Amino acid sequence: MLEPDILKDEEITLLLNDVATIYGYDFRQYSRASLKRRLNRICLVDRFSSFAELRYRVVNDASYLQHFVEEITVNVTEMFRDPSFYKVLRQEVMPRLGTYPLIRIWIAGCSTGEEAYSIAILLKEANLYHKSLMYATDINPTVLEKAVTGIFPLNHMKAYSENYIRSGGSKDFSSYYITGYDYARFDSTLSERMIFSTHNLVSDTSFNEFQLILCRNVLIYFDKDLQERVFKVFDESLHNLGYLALGTKETLRFSAIEGHYRQVEGEKIWRKH
């Protein structure tokens with residue numbers, strides 16, 4: 001196993017330049033500390049004896065790339081994660097979104113889709129789903145394929161149900177899915193107004209105007225300059241008086257767009273003004 005501090009910055013830079021030039025995936029502005037942890041894990045899991053061996057495999061084996069991207073992009077998510085956040089969405093944000101004739105929502109870095117289905121449930125319970133469009137995007141096409149199915153491990157449902165109840169949900173959570181041997185498949189009506197698509201926050205631009213943008217626990221893996229670039233894309237994409245929601249360890253404070261926003265009391269949600 002390679003220790004994180006043994007990975008040399010210049011070697012990592014060469015690899016990231018190769019990946020960007022050959023394949024178009026640009027991870028050069030990802031947090032270097034996070035990258036070192038992920039690359040170290042790849043070397044361990046795939047039994048590379050040296051970092052040079054990993055680089056050779058990535059550069060010369062295009063079929064290995066998707067696995068590499070999956071390991072570099074962190075896909076940790078759950079339904080109704082941070083229930084107090086969803087409670088504020090339910091009680092304060094949804095009623096205001098309801099004043100629009102059409103509600104567009106962008107879930108950036110949606111991973112395997114748990115957050116998208118959580119938002120769909122909120123919209124259903126607020127009677128807003130019929131006039132909403134959700135755009136769920138991620139850099140990783142493999143996780144998007146999973147998200148489209150609406151299938152999640154059955155052993156996660158107890159925790160998801162508890163999150164749902166703590167977020168203010170009052171229905172029987174199990175009414176939203178059917179169960180198989182070891183999986184839960186969510187009702188297809190929840191995804192009727194979802195559009196799943198690849199989108200690279202590092203290089204892609206705004207593609208619509210939204211009343212709500214959620215990008216939670218993604219920016220913590222980006223360096224400061226890349227965070228600023230993404231904030232600019234979000235600002236350009238957000239309707240005046242729209243909402244931007246970030247993860248618990250992320251903030252608009254000290255960003256170039258901070259002055260355009262007011263924070264909703266107690267949560268990492270900002271309203272554009």
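Start by selecting Asn163, which sits in helix H8; helices here (H or I, at least four residues) and strands (E, at least two) are DSSP runs, numbered from the N terminus. With 7% relative accessibility, Asn163 counts as buried, a word that means under 20% relative accessible area, while exposed means over 50% and partly exposed lies in between (1.4 Å probe, protein chains only). Show its contacts (heavy atoms within 4.5 Å): leaving aside residues up to four places away in sequence, Asn163 touches Glu78, Met79, Phe80, Arg81 and Pro83.

A word on what you are looking at: this is a predicted model, where local features need pLDDT of at least 70 and side-chain atom pairs count only at pLDDT 80 or more, while totals for chains, interfaces and linings use all residues. Residues are numbered from 1 along each chain as its sequence is written, and side-chain values use heavy atoms, with hydrogens and water left out.

Next, pick His156, in the loop between strand E3 (151–153) and H8. His156 is partly exposed, with a relative accessible area of 32%.

Now move to helix H5, residues 83–97. The buried residues of H5 include Phe85, Tyr86, Arg90 and Met94. Those buried residues pack against E1, helix H6 (114–125), helix H8 (157–166), E7, E8 and E10.

From there, colour the sheet. It is open, with 7 strands in the order E6-E2-E1-E7-E8-E10-E9 and mixed pairing; two strands pair if DSSP finds at least two bridges between them. At the edges, strand E6 (194–198) and strand E9 (261–263) each pair on one side only. From one strand to the next, the twist averages 20°. Helix H9 (residues 224–237) packs on this sheet, touching strand E1 (103–108), strand E7 (210–215), E8, E9 and E10, and its direction makes about 140° with that of E8. Axes are lines fitted to C-alpha atoms, for helices over the stretch in contact, and angles run from 0 to 180 degrees between N-to-C directions.

Zoom in on E8 (residues 238–246) and E10 (residues 269–272), which run antiparallel and are joined by 3 bridges. Here Tyr243 stands opposite Arg271 in E10, and Ala245 has Ile269 as its bridge partner in E10. E9 and E10 form a hairpin with 5 residues between them, and Gly266 in the turn has a positive phi of about 85°.

Finish at helices H1 (residues 9–23) and H3 (residues 51–60), whose axes come within 10 Å and cross at roughly 5°. H1 and H3 are therefore roughly parallel to each other, since angles under 35 degrees count as roughly parallel, over 145 as roughly antiparallel, 65 to 115 as roughly perpendicular and the rest as oblique. Among the residues that meet are Leu15 and Val19 in H1, and Leu54 and Val58 in H3.

Technical notes: Expected span 1.5 Å × (residues − 1).
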